[in-house]
Amino acid sequence: MNLEILQNKKQECRTWKNVEPWYLQLQEACKIEKSDLEIDYGDWFSVGEKEDLTNDEYEVILKTAKKLIPWRKGPFKIFGLEIDSEWQSNIKYNLIRPYFNLKDKVVADIGCNNGYYMFRMLEDKPKRLIGFDPSPLTLHQFEFINHFVKSDIVYEMLGVEHLEFYNHKFDFIFMLGVLYHRPDPVGTLKSLARGLNSKGEILIDTFMIDGENEICLTPNKRYSKIPNIYFIPTIPALKNWLERAGFENIEVIATTVTTSEEQRKTEWSFDQSLEDFLDENDKTKTVEGYPAPKRVYVKARKIL
């Protein structure tokens with residue numbers, strides 16, 4: 001597969017009717033040039049202070065951030081402006097952080113959204129950091145932040161299906177909150193394996209259901225109001241998928257129930273969030289009557 005045509009989407013999308021306003025506002029923000037800004041790699045990934053800007057410059061930053069709503073992943077603090085995203089992604093990142101060391105490794109983040117996790121990963125000093133996500137909105141959110149961070153992160157408007165055709169392999173691949181969106185989960189995991197160097201590792205999370213049997217839930221039309229959810233496995237079923245895809249040393253890091261502490265409505269997000277996706281009379285169920293969202297985090301190594 002020749003990815004060059006697909007990679008050109010990054011430039012072509014700027015002229016799309018719904019994307020051009022984001023791009024034009026981003027260009028205004030990119031006229032602001034600052035160097036040697038203070039960066040904080042903590043829960044609120046932060047760059048710069050309000051005092052680094054004039055009042056007019058701060059207004060441009062504010063206008064740009066608002067133009068790029070909804071912010072699903074974060075939180076970010078840009079020149080003191082707090083972008084309180086729908087997801088408190090620091091909770092997930094802090095959970096998985098003890099289970100990897102990225103120093104001098106070639107790393108991919110599949111479904112990277114606006115790059116929150118990758119910005120946090122910079123602290124590890126990876127050799128190379130590539131994000132894969134086909135969304136024009138999150139691309140512009142990433143470019144807005146990275147204009148001031150000035151990192152070497154590469155953002156590709158590609159999906160997991162393109163990973164094995166990329167121009168190099170990876171030592172470590174993250175795929176957080178993607179597998180349940182794929183109609184062929186085993187094929188998706190095989191794509192990860194083909195994108196890895198020998199003995200490369202993955203760290204993924206996905207929705208799960210409780211049970212000891214090797215089965216999965218296949219929601220009818222929607223799950224928690226999300227239309228493109230295909231398979232939600234038990235942990236034994238997920239392990240089978242990973243083994244079939246060519247992984248070993250499968251380690252279950254954690255299981256978690258999604259709460260309103262981690263996902264909720266804010267002024268920077270959509271009008272609805274987790275509280276609207278659950279049965280108002282029984283929070284252990286989705287509005288469709290399925291078990292409420294629960295996640296499993298797994299680390300595994302490529303066999304060959």
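1. Contact here means heavy atoms within 4.5 Å. Leaving aside neighbours within four places in sequence, Glu-156 is in contact with Gln-7, Ile-130, Gly-131, Phe-132, Asp-133 and Tyr-166. Glu-156 lies in strand 7 (residues 154–156) and is buried, with a relative accessible area of 9%, where buried means under 20% relative accessible area (1.4 Å probe, protein chains only).

2. The model is predicted, so that local features need pLDDT of at least 70 and side-chain atom pairs count only at pLDDT 80 or more, while totals for chains, interfaces and linings use all residues. Residues are numbered from 1 along each chain as its sequence is written, and side-chain values use heavy atoms, with hydrogens and water left out.

3. Helices (H or I, at least four residues) and strands (E, at least two) are DSSP runs, numbered from the N terminus. In helix 3 (residues 20–29) the residues Trp-22, Gln-25, Leu-26 and Ala-29 are buried. They cover an arc of only 105 degrees around the axis, taken from the directions from the helix axis to the C-beta atoms, and therefore sit on the same side of helix 3. Their cover includes helix 4 (55–67) and helix 7 (136–149).

4. An open sheet of mixed pairing is formed by 4 strands in the order 1-2-3-4, two strands being paired if DSSP finds at least two bridges between them. Strand 1 (39–40) and strand 4 (81–83) stand at the edges, and because each has a single partner strand, one side of each is left without a neighbour in the sheet.

5. Strand 3 (residues 76–78) pairs with strand 4 in the antiparallel sense over 3 bridges, and Ile-78 has Leu-81 in strand 4 as its bridge partner.

Technical notes: Buried < 20%, exposed > 50% of the residue type's maximum accessible area, 1.4 Å probe, protein only.
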